[in-house]
Amino acid sequence: PKNYNYYNYKGSGVGVCEITGNENWQGPAPFADKSNVALQFFALGDTPYDDSCSTCNTCLKSDLVTKEEDCKKYDCVLKSSTLQDLPAHNTCTYEGPDYDCVKGKIIPYLNSKIDEGEAAFVVHAGDFIKGANIGKNKRCNPYSFASRRDLFSDATNFLIVPGDNDWNECQGYDINSNTDTYRELWREFFAAKTTSPFNQFSARFPSTLGFPGGSKPVVERKDDTNPELFYFRQNNVAFFGLNRVSRESYISDVAPSDVNAEWIEDRLSLDSVTCTLESIVVIAQTMPKDIVYQKLDNYFDICGSTLPTLTITGDLHPASYCFEKSAHRLDLTVEAFKSGPIHVSVVRDPEGVLGDFFHVKDADPGKSNIECPSFDRAYSSDES
């Protein structure tokens, strides 16, 4: 096809993944007029942490809303090594420089780009507090969870998946059960239909190739047992949010069958007759188990075509993103802490011949884990 020289992946000249030392890959760029864009969004993760922060002695009153002017009841600045000195039912919120960066710089930037039609939504790959080993993290409490819920409530069309720091590392985690106090609190604040501001999208999506704009997709959730798992499709792109956290967990390691794989299989079965999907995006804190990709392969076999698949993860905290490729699969590892978000474009050959591709761009191209981005070099669409 005459577009082949443009619609393909390049494996050099776009930076190096610091985790593996390999060159990052890059897909074809979106046009400024979006005539080759199927969908655009932002991805980030592992923020805010504010670990060992001397200014993070912050807490909320019992209403889970009002901030204490001076948190004197607890020492909330304890390091991980002394965290166990905190009472189990502390009211600390750990709002420091990372928190201030997300609130004052990153979320306003994301909202402005969504308002401009540069993206439709934001996904967070988990870990919104610092961890402290499985079942020992006293940073998990209703107050820190309320702090992060209120923080991210300011972001337009925001979705999040669990991370180990706010899931299986929380106090009282029982790996032999699908639920406990803090998992139910996470679900209540960040996923549940009647209690979470993140259950559904609130703003309409912008127009893109094949989509006139003016509406938004319904976010489907596994409401009966695991509302943190979500799925939606937009412009023939399937998007899955999974619960795959670092270290062992009930869902992936103890449950009778892998709950993430069941969710993928169940949702894809809805398209197994018409086979109208053109690409798939999966987000989780860490790489899903092989059984998840086996379920994707089963769908591809049924439909007679292997779709480009992007997996977005966090957890590893690189100072600059990693974007690696293997056959039809691409894996994006987002940055952490004070890093700028990653802008992802699902680029589609407008002639309908070569299919979908993934293009990524760092909103702040510097190695910015420890410095809040100014966005002076603000993101703008590539033009061709």
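**Close-up views of the predicted model**

**View 1. The hairpin of β9 and β10.** Two residues lie between strands β9 and β10 in this hairpin, where Ala-327 takes a positive phi near 55°. The model is predicted: local features require pLDDT of at least 70, side-chain atom pairs count only at pLDDT 80 or more, and totals for chains, interfaces and linings use all residues. Residues are numbered from 1 along each chain as its sequence is written, and side-chain values use heavy atoms, with hydrogens and water left out. Helices (H or I, at least four residues) and strands (E, at least two) are DSSP runs, numbered from the N terminus. Ala-327 belongs to the loop between β9 (322–326) and β10 (329–333), and its positive phi occurs in a residue other than glycine. With 61% relative accessibility, Ala-327 counts as exposed; the classes are buried under 20% relative accessible area, exposed over 50% and partly exposed in between, for a 1.4 Å probe and protein chains only.

**View 2. The partners of strand β10.** Strands are said to pair if DSSP finds at least two bridges between them. β9 and β10 are joined in the antiparallel sense over five bridges. Across this pairing, Glu-324 stands opposite Asp-331 of β10, and Phe-323 stands opposite Leu-332 of β10. β10 also pairs with β8 (residues 309–313), in the parallel sense and over five bridges. Here Ile-312 is the residue opposite Leu-332 in β10.

**View 3. The open sheet of five strands.** The strand order is β3-β2-β1-β11-β12, and the pairing is mixed. β3 (158–160) and β12 (356–362) stand at the edges with a single partner strand each, so one side of each is left without a neighbour in the sheet. On average, neighbouring strands of this sheet are turned by 25° against each other, direction ignored. Strands β2 and β3 run parallel and are joined by three bridges. Val-122 has Phe-158 in β3 as its bridge partner.

**View 4. The packing of helices α5 and α6.** Helix α5 (residues 259–268) packs against helix α6 (residues 290–303) at an angle of about 15°, and their axes are 8 Å apart. Axes are lines fitted to C-alpha atoms, for helices over the stretch in contact, and angles run from 0 to 180 degrees between N-to-C directions. The contact, meaning heavy atoms within 4.5 Å, is made by Asn-260, Ala-261, Ile-264, Glu-265 and Leu-268 of α5 together with Ile-291, Val-292, Lys-295, Leu-296 and Tyr-299 of α6. Seven of the residues in this contact are nonpolar, one is polar and two are charged. In this classification Ala, Val, Leu, Ile, Met, Phe, Trp, Tyr, Cys and Pro count as nonpolar, Asp, Glu, Lys and Arg as charged, and the others, Gly among them, as polar.

**View 5. Backbone features at Pro-48 and Asp-127.** Thr-47 and Pro-48 are joined by a cis peptide bond, with omega about -5°. Pro-48 is placed in the loop between β1 (37–44) and α1 (97–115). Asp-127, a residue other than glycine, has a positive phi near 75°. Asp-127 lies in the loop between β2 (122–124) and α2 (142–152). The relative accessibility of Asp-127 is 1%, so this residue counts as buried.
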